[in-house]
There are 2 protein chains.
Amino acid sequence: MRISELSRETGVPVATIKFYLREGLVPEGRRTSATQAQYDEEHVARLRLIRALVGPGGLSLALVHGVLEAIDQPPESIHDLLGVAAGAVERPAGRLVDHTRVHALMERWGWRIDNKDCSTHAALAEALQALDDAGFELPEGALDAYQQQMAAVAAVEIAGVPTDSAAAAVRYVVLGTVLVEPVLLTLRRMAQQEASAQRFG
Amino acid sequence: MRISELSRETGVPVATIKFYLREGLVPEGRRTSATQAQYDEEHVARLRLIRALVGPGGLSLALVHGVLEAIDQPPESIHDLLGVAAGAVERPAGRLVDHTRVHALMERWGWRIDNKDCSTHAALAEALQALDDAGFELPEGALDAYQQQMAAVAAVEIAGVPTDSAAAAVRYVVLGTVLVEPVLLTLRRMAQQEASAQRFG
């Protein structure tokens, strides 16, 4: 198909497609003349992926670049691969915070502490610190409940990782991480409304 | 205490405190002369709250205004109060999307469909649409698992709503919604790392 059809098919404006081509986010089409090229389903899929990542995913173009690289050139071990994918969509921790509290929690939960990959520990320490700073105390047992529920969520998700293709695995983790977050958070809010109606309605 | 002490106590710069005072986000201190005023623990608490909302909470000043208004002038029914609090921190849905799929899911889950408050439905419809747009299929049963886990999370949270004071209830919902989101999402990522290490490590 020509670039105009590619645009119609994906809802991405021609000027934006040209920008992505120049930036190397979308592979070149097959040249049919000096000014024309043909595109195929691979281009459609790639554009839909980029649109999902920059739109609801909320990723910057630099992060999209990193994600697409991990998809195009995946590392060998699936665990490393998942680490790259998760790292690409990680929010940078804003402050230096003490991980001691997080490591103590992880020990209590029986989670292994991998010191190579402390960035999520920093993120959790920071999130807990923000609760403290706001003078917000979680209800008794809430943190352990959160951990249990998220372990159940992760178990379903990791069981679903496709293992036949590295690219498919990375795509699954990156999209599953970024795109499922709004699903989870919205379900939490809807569940709160339901629980509030049951208790106070 | 004087404004300089208030600044030291809360880590908020004097110029920022003066801005919040002008904007009416923080109540005036008790005037002791034409150029000086005294502040107390109420001001410390209010500044810590604002700092948590604009910082890790990521709220705009306009939203902080709405949240503080709900805290200062709470509605009568606790269920309405929780609705105001949740609405103040709601992400606006970006597109008009069909709620039919969401209402069908809610019926399956036995959740009441309150047509007065469809904004979370729009948010879920949009989040699911984003998965479709990206060509991402959730693993079999994942959505029901997400709903179950989030219902368990919400049950703990709503059980913890303080009912003795409206201001405390609103504060709990607003902060609990905004500040707990990063906790939940980070726990999910840590749980994924743990599950991945167990399966592939």
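Let me begin with the ground rules. This is a predicted model, in which local features need pLDDT of at least 70 and side-chain atom pairs count only at pLDDT 80 or more, whereas totals for chains, interfaces and linings use all residues. Residues are numbered from 1 along each chain as its sequence is written, chains are lettered from A and ligands numbered from 1 in the order in which they are written, and side-chain values use heavy atoms, with hydrogens and water left out.

I will start with how the two chains are arranged.

Now to the interface itself. The size of an interface is often given as the accessible area lost when the parts come together. Here the area buried between chain B and chain A is about 7,300 Å², and carbon and sulfur atoms give 69% of it; buried area is the accessible area, with a 1.4 Å probe, that two parts lose on being put together, summed over both. The contact, meaning heavy atoms within 4.5 Å, takes 78 residues from chain B and 78 residues from chain A. Because 100% of the interface residues of chain B are also interface residues in chain A, the copies meet through the same surface.

Between chain B and chain A there are 21 residue pairs in polar contact, both residues being at pLDDT 80 or more. A polar contact is a pair of N or O atoms within 3.5 Å; within protein, one must be able to donate a hydrogen and the other to accept it, and residues adjacent in sequence count only if both atoms are side-chain atoms. On the side of chain B that touches chain A, H3, helix H5 (78-88), H6, helix H7 (119-133), H8 and H9 of chain B each supply at least two residues, and H9(B) gives the most, with 27 residues. Helices here are DSSP runs (H or I, at least four residues), numbered from the N terminus. By residue type, that side of chain B divides into 47 nonpolar, 17 polar and 14 charged, where Ala, Val, Leu, Ile, Met, Phe, Trp, Tyr, Cys and Pro count as nonpolar, Asp, Glu, Lys and Arg as charged, and the others, Gly among them, as polar.

Next, the salt bridges. A salt bridge is a side-chain nitrogen of Lys or Arg within 4 Å of a carboxyl oxygen of Asp or Glu. How many are found over all chains? A search of the whole structure finds twelve, and the count between chain B and chain A is six.

One that crosses between chains joins Glu157(A) to Arg188(B), with the closest N and O atoms 2.9 Å apart; it runs from helix H8 (residues 142-159) of chain A to helix H9 (residues 166-200) of chain B. Arg188(A) likewise forms a salt bridge with Glu157(B), at 2.9 Å. Both Glu157(A) and Arg188(B) are buried, which means under 20% relative accessible area, with exposed over 50% and partly exposed in between (1.4 Å probe, protein chains only). Arg188(B) has 0% relative accessibility, and, leaving aside its neighbours within four places in sequence, its contacts include Met150(A), Val153(A), Glu181(A) and Tyr146(B).

Two further salt bridges lie within chain B. Asp72(B) and Arg46(B) meet at 2.7 Å, N to O, linking helix H4 (residues 61-72) and helix H3 (residues 41-54), 26 residues apart. Asp72(B) is partly exposed, at 46%, whereas Arg46(B) is buried, at 14%. Asp144(B) and Arg108(B) form the other, also with closest N and O atoms 2.7 Å apart; Asp144(B) lies in helix H8 (residues 142-159) and Arg108(B) in helix H6 (residues 100-109), so the pair ties together parts that are 36 residues apart in sequence. Asp144(B) is partly exposed, at 24%, and Arg108(B) is exposed, at 53%.

I will finish with Glu194(A), found in helix H9 (residues 166-200) of chain A. Glu194(A) is buried, with a relative accessible area of 8%, and, setting aside neighbours within four places in sequence, is in contact with Gly110(B), Trp111(B) and Arg112(B).
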